Amino acid sequence: MTTATTITAEQLLLLPDKHVRRELVRGELREMAPAGDEHGQVGMRAGRRLGQHVETNDLGAVFLAGTGFIIARNPDTVRAPDVAFVRREVIEETGVLPGFRPGAPDLAIEVISPGDSYTEVKEMVMEWVDAGCRMVVTVDPRRRIVTVYRSRHDIEILTEEDTLFGGDVVEGWELPLSVLFS
């Protein structure tokens, strides 16, 4: 659902919860259905593995689905990936914030749900990349592929036989995709 009224990130933060997931795209409020079973399990597998690695190596912070990141202003865009990572240096600089985190995370992971259109997913990925996200990972459980975007032109497609590497974004992190799709 999209609203016709333009609102700000600050107004979004103050909206009553109503147990509805929301994002703000160029000032327009978008409500999203809750994640389904497969979406939730796949996202949790990725998040759990990422979180364990980040915590063990003191690399920064991992954020759960629903955490908003302000990636554009005037009009505002607040996106909430299924899993996000922000490096330690940024967390130390800003501390823990009561509202949405300004700027893009270093890593955003998006699990594609059956109701998501590939056009909308691509739009969202490009917004993350344009906002400075160093690595965007889309997980497509239906097709059992993962697409890694490091820029608009550096794109890699992986299958369940491959391993996702964090590279210089999440140093030392590896995720065998067979585990993700198990």
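In helix α4, the residues V121, M124, V125, M126, E127, W128 and V129 are buried, where buried means under 20% relative accessible area with a 1.4 Å probe, protein chains only. These buried residues pack against β2 (21-25), β5 (69-72), β6 (77-79), β9 (107-111), β10 (135-140) and β11. Helices (H or I, at least four residues) and strands (E, at least two) are DSSP runs, numbered from the N terminus.

This is a predicted model, so local features need pLDDT of at least 70 and side-chain atom pairs pLDDT 80 or more, while totals for chains, interfaces and linings use all residues. Residues are numbered from 1 along each chain, and side-chain values use heavy atoms, without hydrogens and water.

Just after α4, G132 has a positive phi of about 105°.

Strands β11 and β12 form a hairpin with five residues between them. Their pairing is antiparallel, over five bridges; strands pair if DSSP finds at least two bridges between them. I145 has T159 in β12 as its bridge partner.

| Element | Residues |
|---|---|
| β11 | residues 145-149 |
| β12 | residues 155-159 |

Overall, the protein has five helices and 14 strands. Of its 182 residues, 43% count as buried. Its C-alpha atoms fill a box of roughly 45 × 40 × 30 Å along the principal axes.

Definitions and conventions. Buried < 20%, exposed > 50% of the residue type's maximum accessible area, 1.4 Å probe, protein only. Contact = heavy atoms within 4.5 Å.
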